[in-house]
Amino acid sequence: IIYILLVLIWTGCSNNKLKGLVYYEDFEDMRNNNPLFLSKSFAHSGKYSTRLDADRPFGKTPNFKFKYLSNKKIKGVKVNFWVCLSDTAAKGKFVVEVKEPDTKSIFWISENIDASVAPPGKWKQISMHYIFDKENINQPDNTIIFYPWDLSKKEIYIDDVTIEFESVNL
């Protein structure tokens, strides 16, 4: 329960790095990052990255209501992040999820994080791009959520996350 509360508190202030349609997180600002999730062991840039492991299977979870992103309709999202795996057994996902106001999930897609895409001990950039092709996904009161997820309980480091929303004129 304490872990869940810490995650909720930590993610509650997640929108302060949104500039226009681009959100950036480098994990350097201690005011907006829970120290329990940060690591100085590996960092792609700066001093810190976020560490996922057996005790912390989920990372920072930025979330945004579509109505607060833009007065234009959001048609898609591009996500770029850097990942470093502790060993070949490390496996995870980076998830993009959309929930309706009643918290029903209506869109869930992920990108695999494993040794086939990121050699252990080395930083590798991973990019994702999704178009919202169903009308119900990008409704104003729906929330879009992003999170890294460690499936293996081995250490996975994430750094320099960029989320870019794509909009269209109405």
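At 15% relative accessibility, R56 counts as buried, a class that comprises residues under 20% relative accessible area, with exposed meaning over 50% and partly exposed the range in between (1.4 Å probe, protein chains only). The model is a predicted one, in which local features need pLDDT of at least 70 and side-chain atom pairs count only at pLDDT 80 or more, whereas totals for chains, interfaces and linings use all residues. Residues are numbered from 1 along each chain as its sequence is written, and side-chain values use heavy atoms, with hydrogens and water left out.

The side chain of R56 meets that of D53 in a salt bridge (2.6 Å, N to O), the term denoting a side-chain nitrogen of Lys or Arg within 4 Å of a carboxyl oxygen of Asp or Glu. D53 is itself buried, at 9% relative accessibility, and its side chain also forms a salt bridge with that of R51 (3.0 Å, N to O); R51 is likewise buried, at 18% relative accessibility.

A search of the whole structure finds six salt bridges, among them one between D141 and K67, whose closest N and O atoms are 2.7 Å apart. Because D141 lies in the loop between β9 (124-131) and β10 (143-150) and K67 lies in helix α2 (residues 66-69), this pair ties together parts that are 74 residues apart in sequence; helices (H or I, at least four residues) and strands (E, at least two) are DSSP runs, numbered from the N terminus. D141 is partly exposed at 36% relative accessibility, and K67 is partly exposed with a relative accessible area of 39%. Salt bridges that share partners, in turn, join R51, D53 and R56 into one network.
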